[in-house]
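Me: I have a structure to go through with you. Can we start with how the helices pack?

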Amino acid sequence: MFAVGEFRAVFAAHLVSMLGEVVGQIALSVLVFRLTGSPLLSALTFATSMLPYVIGGTLLSSVADRFPARRVLVVCDLVHAACVAAMVVPGMPVAALLALRCVPAAISPVFSGTRSATLGDILGEGDAFVLGRSVLRITAQTAQLAGFGVGGLLLAAVSPRAALALTAAALVGSALVLRFGTRRRPARRLTGGGAPPATAGRCPLLGDSLSGIRRLFADRRIRALMLLSWVPPMFVVMPEVLLTPYSDGLGLGSVGLGLLMCGMPVGAITSEALVGSLLGPRARARLTLPVGVAAMLPALGYAAHPSFGWALALQVLTGCGIAYSLGLDQWFLAAVPDELRGRAMTAMSAGLMTAQGLGMTVSGAVAEFVPVHVVAATAGGCGALCSLLVALEVRRTVPGAVRPEV
């Protein structure tokens, strides 16, 4: 993959923008808290980075197919940079800061979907595409670990607004790398499967987006694969979002909580690296459904109210479940028509973030009335059951020609 120049550019842009975004997220949270002293408003800086996903993923999904991919990626980065740069302006009201945070969140699924669809053009539609997606996920997890540490150190030396300015600069750098490091390709809608419809040029963006979403969900195979990409992560985050009260119940300090929070990313990075490098496509396909279902089983261990060491092990094992995504990516690419690939990847990305946000909300609400360790264990059991039902649906939709690989 790294022998391909365009992939190196995509990778470099992803790394720079992810580091900048994580640092910017911390800086904005600190800035809002210093301005208001409100934990709720500070927490909303994180919530506003997820909630608008469903809006952008639904209403703007056709952007990924209607316009040249490079242009979409560069414009998304520049719009994101402009929003962050506006946050640096002294005297900016808190409401405006939160509104500015919503804009990048709304266009983020468009960016992610366009980039994922473009990987198929850069790396081909075989195993290289699957491994390329895996590398980007590993990069995102690693950038989160590094970004939180770098952000904390950076904010000890500079003001939150200065850190936000660095984030804006990183996003501009990402846009420049994508502009000059990738090749211009025509809009996918005009190249994916015959001549465009007669109304293609007149079709409103909103109608085109909703029409593409309807076409995707009308296909039983695509619908099942989307559910498989959403359901396990939705339940996986339920125990994770409760780690703060759980660690408090164990009497752990901030260091202990930080280590627990690192458990899932470490497991995810390790498992994706090992599965991607040591197993071939056939073996990864066989693991997809079992690993997707088993990802939630470690959370059942919370029923025993484990100590710090065992809880950390449970988090690492849960993170290892992300390896099921490698086989899922290949199946999804094969199932989606080329002219819908951008919209499909955008919808998958938006649905994933929305499902995780829903899981976090439900988990936190139930934990107001039920002990935290019981909620975490229950999430594990319910998640395994729901994932099994989705896996059975995926199994029923497998074309007979590839059934032996599942």
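Reply: One term first: contact means heavy atoms within 4.5 Å. Helices here are DSSP runs (H or I, at least four residues), numbered from the N terminus. This is a predicted model, where local features need pLDDT of at least 70, side-chain atom pairs count only at pLDDT 80 or more, and totals for chains, interfaces and linings use all residues. Residues are numbered from 1 along each chain as its sequence is written, and side-chain values use heavy atoms, with hydrogens and water left out.

Me: Which residues of α1 meet α6?

Reply: On the α1 side they include Phe7, Val10, Leu28 and Leu31, and on the α6 side Leu97, Arg101 and Leu119 are among them. By class, this contact of α1 with α6 has 11 nonpolar, three polar and four charged residues. Nonpolar covers Ala, Val, Leu, Ile, Met, Phe, Trp, Tyr, Cys and Pro; charged covers Asp, Glu, Lys and Arg; the others, Gly among them, are polar.

Me: At what angle do α1 and α6 pack?

Reply: About 165°, with the axes 12 Å apart. Axes are lines fitted to C-alpha atoms, for helices over the stretch in contact, and angles run from 0 to 180 degrees between N-to-C directions. α1 and α6 are therefore roughly antiparallel (over 145 degrees).

Me: And what about α1 with α8?

Reply: Their angle is about 160° and their axes are 8 Å apart. That contact has 17 nonpolar, seven polar and four charged residues.

Me: New topic. How many disulfides are there?

Reply: Zero, a disulfide being a pair of cysteine sulfur atoms within 2.5 Å. For Cys386, the nearest cysteine sulfur, that of Cys382, is 6.3 Å away.

Methods
Helix = DSSP H or I, 4+ residues; strand = E, 2+ residues; numbered from the N terminus. Parallel < 35°, antiparallel > 145°, perpendicular 65-115°, else oblique.
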